[in-house]
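Here is a brief report on selected features of the model below. It takes the chains in turn.

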Amino acid sequence: MMAEVNEIAVRVHGLSKSFGSVQAVRDIDLAVAQGEIFGLVGPDGAGKTTIMRMLAAVLRPDAGEILVDGVDVVAEAERAKLHLSYMPQRFGLYEDLTIAENIFFYGALFGVPRGERIARSQELLEVAGLLPFRNRLAGQLSGGMKQKLGLICALIHTPRVLLLDEPTTGVDPVSRRDFWAILYNLRESGVTIVLSTAYMDEAERCSRLALLHGGEIRHCDTPQHLKAAMPGALLAIASAHPRDVREAVSGKPGVLGALLMGDRVHVRVDDAGRRIPELRAVVADRGIADAVITPAEPGIEDVFVALLGEEKPHELR
Amino acid sequence: MNIQRLLAMAYKEALQVWRDPRSLAVALLMPLMQMGLLGYGVSLDIKHVPLCVYDQENSQASRSVVDSFTASSWFTISHTISSEAGIRRAMDRGECAAAIVIPVDFSRTLSATGSAPLQAIFDATDVNTTNIAMGYAQGVVAQANAALTARWAASHGAQPSLVGQVDLEPSVWFNETLESRDFIIPGVVAVILALVGAQLTSLTISREWERGTMEQLISTPVTPLEVMFGKLIPYFAIGLLDAAFCLAVAAFWFHVPFHGSVGILFVTTALFDLVVLGIGYLISVRIRNQLGASQVALLLTMLPTTLLSGYTFPIDQMPAAIQVLTYAVYSRYYVTILRAIFLKGSGLTDLWAPILGLVAYAAIIIWLAARAFRKQL
Amino acid sequence: MSSDSPAVWADGLTKRFASFTAVDHLNLRIEKGEVVGFIGPNGAGKSTTIRMLCGLLRPSEGRASVAGFDVGRQPEEVREHIGYMSQKFSLYGDLTVHENLRFFAGIYRVPHRDLSERMRFAISMAGLEGREDALVRTLAGGWKQRLALGCAILHRPPILFLDEPTSGVEPEARRRFWDLIHELAAGGVAILVSTHYMEEAEYCNRIALINGGRLVAMGTPSELRQRSLGGDLFEIDCVPLGAALKALGTAQGVVEAAIFGDKLHAVLGEGGLSAEELPRFLAEREIRVGSVRPAKPSLEDVFVRLVSTTPETRAAS
């Protein structure tokens, strides 16, 4: 149940960027509504970071338009920076400053008045659970705490649009969940969030996704619609002998792909209703007695593979 | 320029210097070490300089002069010899650092004219020791004079004010263009300031690139000017502090005579500080890794300041082409000003040209530095 | 090593650094041909354990055997019988595919007579036939990674350690990589994968969950899903999410609640709120409920649940 769609917070048109002979981003169009958590999803080298940097006005595009909160990012980079906040992939804070000093510094750069800075940092630290550590050097924080501190520094001036480049890379699942809880809270207060991720499982948490490949957006929709758009259906065959199961089902009529997991095989078929009984017979013929076949919900990774396949071996970066 | 952002930038930078042991060492320990090395490495306190005596006359008067040397704790007679060649031998072996030669007609000349020459020879391979020993020798001779004068006056019944003197004629071997500490020390201040200033600032931007903090920084509304001035403020203060320290040590510890105006000294030092910080900052913007930036900074400050500023090698003795080149070396102006203020007490009327040179240099460097930094990846 | 002994076993393996215990009496058993995932947050003791198993760190207490050699007493032998590969595996970008293989063959002292055959095998495994003379830096990520795997197994180690081998790689490339891993396992190689990415954990036969230096749980992915959650997982579609999360946080019988994409995930334990009562419970708190349906827990759900019930993690994250 999505909140009513209102105005567009980030609009991108015809965005391109090359580095030497390598075209990192090719003619991208995007429209992100206010209050969305929009995910740019793709493997390393798909162009995620380049797009985020251009949105954040720290990298000039070769061509194209970017409007953030109505401000032309290309023409008025400095004015746009007042409306948005950007958290780079690599931890960008000063490790030799404390949590409080980092927050204070960024608050001052964004022109937040002193009194407001103190009140707001107090509030943000409390939400993130970092209040007891406020005088600890940033370099001595764990990965998860660093990410939260990064987020606080990015939020100190109450931006309208938040840009996060692979915010949870290298962060363990518990911290990742805490991090997402903060993002959802922000979203409810009307902040628009654009984030990039290489983790397909994380992508499912976004309200809308752009699947990136080779610098292009190949598909853009909600996770549900993307899954529905996947050709065929996914079945899980659980067994103590998953290798045998895969061997048995590979190449059988209607089987589009078979993926060996730890204790099961994911099989993509053209028609679940028709193929389940057929496959049941196939594995039984092989003498695999413990196989249990159930329909499985595809993940974004399944969608990605089904829709995009693999890159060329000699793709220059 | 927004004052809040500027101050935030300066405060952040100051905290970082304060917490970085390496920067602190460069800022505080380096000047201390350099001044200390210079002062004590060349042994300020000289005692028992080995002295070789060649008394050609061996009269009562000549012995009284030798006795004055023996009596002082500054000299110890190491050899008494009977030929000029013996002095050379003793010095070559390093057995004496100074020699006095009393001529055959010493007492006769003294009685006849009221004044007689006394030759003193110094091994000036160690300039500073020589300098000091020469001073001591003059002191010893002054004492000997007093004794001789009293005796001469008593035997001639004349007024002491009319009596003659023993004239010390020092001659320096091995290093004819003797340089003095007074000449060197003001220059050292320039070297330290150039080294410390450019070293520290050369790291400031490159460090942000290297540690990945730059990307975050340029995504904020901070302007390039705020970044530059914010970053330079703490280093400017450190530079002035270091300079004050070095100048104070020069004047009060090493007793380099100071005749000039403190005001001009302050203003020109601030200008020079600005120039070296600007150069360090420019390097830092251009070279995005700390090691490279630091090396280039060393190359662009130490080399010209030690070789081409006139600090060690007098500019007027350089080939003409090199002399022209020295006008491009910013330290040249500062070293000239420093020496003139210290030793000659020169004022604005004499120094307007090098001061103008420094102002022009500072203006150009800061202008370039302000334009160098772009908020783009 | 006799044929029925495990490839890796550890008994009471412990490592202390001054007053800090990084690994605390760990027991582990990996059979030949098994792919085991070693999962835990940063600082849980994963890399310390692996370093001990590789003979790079001496255990403070306990014993471990790898390929039949004692890691404390025979570290050199252990190192000759293992292969190691990480995401940051250091191939030389300015050397060709062939030159890299040759270099690592030299390092691992591959006998001359086997050299060409092993290299051919590695090249075909990576799918790089015909590209032997290409500079490695010109290869795309997936290819590089398969080549790195090829380099790590040139000396035919019976045990392979993989450290976050596929994070950030194209989904299709990841699947091909895991196919290779399972192929190696089918040939009898024991494989230990350390990671905190659940996407990689799903491919393992068994998972060992480590936290605070201790083994928290061990089993197949399905087993862990079934027994660790402490209740049934439900997906709730409702608005506003933040208020709903708060309400569920205080409700009786709710073991865990978290926002997931546009929806809430809640684990309902016994003797409290039931799934049928949920819509009314939320409606009373002015939350509009669209649907409540049972969901399959992800490994991340399991991980977060298990880790947050052991006290060490909170302090570490």
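## Chain A

In this predicted model, chain A has 11 helices and 14 strands. Its C-alpha atoms fill a box of roughly 75 × 45 × 40 Å along the principal axes.

Of the 317 residues in chain A, 53% are buried. Take the chain A contacts between residues at least 6 apart in sequence: 69% of them join residues at least 24 apart.

## The sheet of chain C

In chain C, 4 strands form an open, antiparallel sheet, ordered β2-β1-β4-β5. The edges are β2 (20-30) and β5 (69-70) of chain C; each has a single partner strand, so one side of each lacks a neighbour in the sheet.

Strand β1 of chain C (residues 8-17) pairs with β2(C) over 7 bridges, in the antiparallel sense. Within this pairing, C:V8 has C:I30 as its bridge partner in β2(C). Helix α1 of chain C (residues 46-53) lies across β1, β2 and β4 (61-66) of that chain. Helix α1(C) runs at about 120 degrees to β1(C).

## A helix pair in chain B

Two helices of chain B pack together: α10 (residues 262-286) and α14 (residues 348-372). Their axes come within 9 Å and cross at roughly 25 degrees. Angles under 35 degrees count as roughly parallel, so α10(B) and α14(B) are roughly parallel to each other. Their crossing is left-handed.

From α10(B), the contact residues include B:I264, B:L271, B:F272 and B:R286. Those of α14(B) include B:L348, B:I355, B:Y361 and B:A372. By type, the residues of this contact divide into 21 nonpolar, 2 polar and 1 charged.

How values were computed:
Residues are numbered from 1 along each chain as its sequence is written. Chains are lettered from A and ligands numbered from 1 in the order in which they are written. This is a predicted model: local features need pLDDT of at least 70, side-chain atom pairs count only at pLDDT 80 or more; totals for chains, interfaces and linings use all residues. A residue is buried if 20 or more other C-beta atoms lie within 10 Å of its own, exposed if 12 or fewer, and partly exposed in between; C-beta atoms are placed from the backbone. Two residues are in contact if their C-beta atoms, placed from the backbone, lie within 7 Å. Two strands pair if DSSP finds at least two bridges between them. Axes are lines fitted to C-alpha atoms, for helices over the stretch in contact, and angles run from 0 to 180 degrees between N-to-C directions. Angles under 35 degrees count as roughly parallel, over 145 as roughly antiparallel, 65 to 115 as roughly perpendicular and the rest as oblique. A crossing is left-handed if the near helix is turned anticlockwise from the far one by less than a right angle, and right-handed if clockwise. Ala, Val, Leu, Ile, Met, Phe, Trp, Tyr, Cys and Pro count as nonpolar, Asp, Glu, Lys and Arg as charged, and the others, Gly among them, as polar.
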